[in-house]
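Here are a few notes to read with the structure open beside you. Take them one at a time and find each part as you go.

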Amino acid sequence: MKRRDFVKIGTLGTTALIIDGCNPNETSLKNEILPPPLGIDKIKVISTWNSGIEANKTAIEILKNNGPAIDAIEKGLNVTESDSENTSVGLGGLPDANGNVTLDACIMDHNFNCGSVSYISNIENPISVARKVMEDTPHVMLSGKGAYDFAISKNFKHKNLLTESSRIKWEEWKKENKNVLPAINHENHDTIAMIAIDQLGNLSTGCTTSGWAYKLAGRVGDSPIIGSGVYLDNDVGAACATGMGEAIIKICGSHAIVELMRNGSSPQEACKIAVQRIKNSNKDLKDLQVGFIAMNKNGEIGSYSLYSGFNYAYQDAQESKLIDSKYDLDW
Ligand code: SD4
């Protein structure tokens, strides 16, 4: 009998012994990489803010049916993008200073594939356009008119995203605030960033937003920037961000968290260290809210924000709940 080979499958530590046929004269045992065992107990979704609860419900159904995490992310985020009540994402998002709604979104899968659109207008579901950039082009990021034209070429429909109530808010802002930007604080947020793990143990992540309300025309935040708004290494974990994009970009926030997890930090510790970096790298912390969520390869989760008031939605096969994030400072 030849050597018995035992195959260790990835980080799951599963051991498989395959006997090749039953002929005693042909007693070869051969190595074969088996797919890891499926596990409905493995699936999990986390999303920023309470609007994540509804998005997670759509995402978890996909995962329960053994769908891939990337589908859960796209379809889950579509829910929030199409919710006209959410004034920070997609339809109904607050416009820029000129009254134009411009959107940022990105998506990343377990094989380092990623796609992104920034400064795109008149397309309700930018996360789906980002996925098309990832899958149908050799590029990672399309922006502005190019991103819009690409979306139209892929049969996305032109749509006016400025709802009547968002238009009225913008008119009031112009009148009352003399063009001073509202703070990104506990009252002005709701960008959705999501992480999902599927039955095969693969992670995906994505983020979609209309960005900072009444921003200068042309402004792009952290949300479409791979490494800032989201990052993922399937051997380690994933992280994503909400809050003031300018501060998140400066420390490549989501990438920093994944690297911290690679070096042994728990998701919670890694998010906290990233927030501390933001605290140390900005002199004026007034109104500077940032929040991170993270999940490692084993499905452990964590979060941290600079100020109180940040929460995130958790969903697994059994339960859905809103978790108050740990934080550094009280408002
Ligand atoms: C941005 N990070 O455009 C986004 C804003 C945000 O909750 O997250 N708001 O900077």
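1. Before we start on the strands: two strands count as paired if DSSP finds at least two bridges between them. With that in hand, look at β10 (residues 237-243) and β11 (residues 290-296), which pair in the antiparallel sense over seven bridges. To pick out one of the partners, go to C240 and you'll find I293 across from it in β11. Keep in mind that this is a predicted model.

2. Now zoom out to the sheet those strands belong to. It is open, has five strands with mixed pairing, and reads β9-β10-β11-β12-β15 in order. At the edges sit β9 (230-233) and β15 (327-329), each pairing on one side only. On average, neighbouring strands here are turned by 10° against each other, ignoring direction.

3. Which strands does helix α7 lie across? Residues 253-262 form α7, and this helix lies across β9, β10 and β11, running at about 145° to β10. Helix α8 (residues 267-281) lies across β11, β12 (301-307) and β15, and runs at about 20° to β12.

4. On to the ligand. Twelve residues surround it, and the closest are T191, R219, D222, G243 and G245. By class, that shell has one nonpolar, eight polar and three charged residues.

5. The side chain of T191 has an N or O atom 2.9 Å from a ligand nitrogen, while R219 has a side-chain N or O atom 2.7 Å from a ligand oxygen. T242 places a polar side-chain atom 2.9 Å from an oxygen of the ligand. Taken alone, the ligand exposes 290 Å², and the protein buries 98% of that.

Methods:
Residues are numbered from 1 along each chain as its sequence is written. This is a predicted model: local features need pLDDT of at least 70, side-chain atom pairs count only at pLDDT 80 or more; totals for chains, interfaces and linings use all residues. Side-chain values use heavy atoms; hydrogens and water are left out. Helices (H or I, at least four residues) and strands (E, at least two) are DSSP runs, numbered from the N terminus. Axes are lines fitted to C-alpha atoms, for helices over the stretch in contact, and angles run from 0 to 180 degrees between N-to-C directions. Contact means heavy atoms within 4.5 Å. A residue is near a molecule or strand if one of its heavy atoms lies within 4 Å of it. A polar contact is a pair of N or O atoms within 3.5 Å; within protein, one must be able to donate a hydrogen and the other to accept it, and residues adjacent in sequence count only if both atoms are side-chain atoms. Accessible areas come from the Shrake-Rupley method with a 1.4 Å probe; for residues, only the protein chains shown count as cover. Ala, Val, Leu, Ile, Met, Phe, Trp, Tyr, Cys and Pro count as nonpolar, Asp, Glu, Lys and Arg as charged, and the others, Gly among them, as polar.
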